[in-house]
Amino acid sequence: MTNDTNTTNATTQSTNGTTRTVAAYAAQRPDAPLARTTVTRRAVGEHDIVIDIKYSGICHSDIHQVGEDWGTGIFPMVPGHEIAGVVGEVGPGVTRWKVGDRVGVGCFVDSCRECDNCKAGLQQYCTGEGGAVFTYNAMGKDGLPTYGGYAAELVVDEAYALSIPDNLPLDAAAPLLCAGITLYSPLAHWGAGPGKKVAIVGLGGLGHMGVKIAHAMGAEVTVLSQSLRKREDGLKLGADHYRATSDPATFTELAGSFDLIVNTVSADLDLSAYVGLLRTDGTLVQVGMPEKPLTMHPYPLATGRRSLAGSMIGGLPETQEMLDFCGEHGIGAEIEVIRAEQINEAYRRVLDGDVRFRFVIDASTI
Ligand code: NAP
Ligand code: ZN
Ligand code: ZN
């Protein structure tokens, strides 16, 4: 971390003072292995900063999008929306940042800035034309595709970068930009805290952040995992209880017990069974985004005035609030740092459930 401000990306070069050619890892077509390439970043505008990317997390959403699980993607695709780095250059009108600042970028790099949601700081739910501009696999306002964080540098509007607290190492901070905020937002919105019983379904990248954050908020936390394989880890992360969903007794013994359940699972689940674990007026928040629709009978909802809800990442102010909260509580992700040439192997390991708990690419190896 001490070297953060002193290194430069040797792989990066400016071209004729306008655009720049940046080393990156891309999938050239759906499901293709990721391989080294270059992408063009726009010229630094009045309010742009250049981020020397230091670390980039691998989110399961990257794997969904490279595999077109959610529909047609834009290829070549450079994934990556858990970006941590250092400001390397600033445009003439930049006021928020200076060279050397530790910054992060999450899932979006722009939005309309005028709709009610943008004005309320909920840029992720932008209702302006085209909605929020996602960090990759989207079209930017300039009509060009966006390319994400598996790259040496990123050019981004200063308003869409967040400050990473000094006490958090950049590698462990990177996953906060998606996994962290995706759990922080529903936990905060539905009031996780002292006296509240919270269950986190799935102990992966998102789930493990949920355990750490819900615990730091003061809630009583239960992990609902497929097996007890990761039980020791879960308890160390701050869970009070750890139950296997493969054991039918979990669903009878815990029936009607949770105020809030956050489901991070990336696959099909029997939602009715999980809704039955909520107490009266409890809420199950879906953050996992499986390929196929989830279905359930309304009976378990109606019999306890329970709610089924969804949540997507978080807006800029809340993402900064989450980073500050994580700084105060010393919360980073549990990570395995990999070299860029290990990305495809890491994807396979995520799909096999063999990750504790987030892979983070060392961008100096790109
Ligand atoms: P991940 O690291 O792969 O974790 C998912 C966890 O779900 C696994 O560790 C596993 O936990 C559990 N799981 C996987 N397959 C399962 C199955 N067939 N049945 C039951 N449980 C299963 O993935 P992630 O990066 O945390 O992402 C999780 C999901 O959230 C993805 O769909 C991703 O696209 C989505 N996401 C949504 C948002 C949002 O804003 N809403 C943001 C980021 C990601 P156990 O081994 O403990 O059971
Ligand atoms: Zn993500
Ligand atoms: Zn908007």
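Reader: How many of the 11 residues of helix α4 are buried?

Author: Buried means under 20% relative accessible area, against over 50% for exposed and in between for partly exposed (1.4 Å probe, protein chains only). Helix α4 is largely enclosed by the rest of the structure, because the number of its 11 residues that are buried is nine.

Reader: Where does this model come from, and which residues of α4 are buried?

Author: This is a predicted model, in which local features need pLDDT of at least 70 and side-chain atom pairs pLDDT 80 or more, while totals for chains, interfaces and linings use all residues. Residues are numbered from 1 along each chain as written, chains are lettered from A and ligands numbered from 1 in written order, and side-chain values use heavy atoms, without hydrogens and water.

Reader: Which elements do the buried residues of α4 pack against?

Author: Helices (H or I, at least four residues) and strands (E, at least two) are DSSP runs numbered from the N terminus. Just after α4, Gly191 takes a positive phi of about 75°. The partners of the buried residues of α4 include the strands β11 (197-201) and β15 (278-286). The complete list is β11, α5, β14, β15, α10 and β18 (358-362).

Reader: How are α4 and α10 oriented to each other?

Author: Two packed helices are described by the angle between their axes and the distance between the axes. The axes of α4 and α10 (lines fitted to C-alpha atoms over the stretch in contact, with angles from 0 to 180 degrees between N-to-C directions) come within 10 Å and cross at roughly 100°. Gly180, Ile181, Tyr184, Ser185 and Ala188 of α4 make the contact with Glu318, Thr319, Glu321, Met322 and Phe325 of α10. Angles of 65 to 115 degrees count as perpendicular, so α4 and α10 are roughly perpendicular.

Reader: At what angle do α5 and α10 pack?

Author: Ile213, Ala216 and Met217 in α5 meet Phe325, Cys326 and His329 in α10. Helix α5 covers residues 205-217 and α10 covers residues 316-329, with their axes 11 Å apart. The two helices are therefore roughly perpendicular to each other. Their packing angle is about 75°.

Reader: What arrangement do the donor atoms make around the zinc ion (ligand 3)?

Author: The protein donors are Cys112 (SG), Cys115 (SG), Cys118 (SG) and Cys126 (SG), 2.3 to 2.4 Å from the ion, with the spacing C-x2-C-x2-C-x7-C. Cys115 counts as buried because its relative accessibility is 10%. Four donors count as tetrahedral if all angles lie between 85 and 135 degrees. The angles here are 102 to 118°, so the arrangement is tetrahedral.

Reader: Which residues does Gln123 touch?

Author: Gln123 lies in the loop between α2 (116-119) and β8 (133-134). Gln123 is buried because its relative accessibility is 9%. Contact means heavy atoms within 4.5 Å. Not counting residues up to four places away in sequence, Gln123 touches Phe108, Ser111, Asn117, Cys118, Ala132, Tyr160, Gly315, Leu316 and Pro317.

Reader: How far apart in space are Phe258 and Lys197, C-alpha to C-alpha?

Author: Phe258 is in strand β14 (residues 258-263) and counts as buried because its relative accessibility is 2%. Residues that Phe258 touches include Lys197, Val198 and Ala199. Phe258 and Lys197 are 61 residues apart in sequence, while their C-alpha atoms are separated by 5.1 Å.

Reader: How far apart in space are Leu203 and Lys230, C-alpha to C-alpha?

Author: Leu203 is in the loop between β11 and α5 and counts as buried because its relative accessibility is 2%. Among the residues in contact with Leu203 are His208, Lys230, Tyr242 and Phe357. Leu203 and Lys230 are 27 residues apart in sequence, and their C-alpha atoms are separated by 7.9 Å.

Conventions: Donors are N, O and S atoms within 2.8 Å of the metal (3.2 Å for Na, K and Ca); water is not among the atoms, so sites may look incomplete. Four donors count as tetrahedral if all angles lie between 85 and 135 degrees; four count as square planar and six as octahedral if opposite donors are over 155 degrees apart and all others between 65 and 115; anything else is irregular. Angles under 35 degrees count as roughly parallel, over 145 as roughly antiparallel, 65 to 115 as roughly perpendicular and the rest as oblique.
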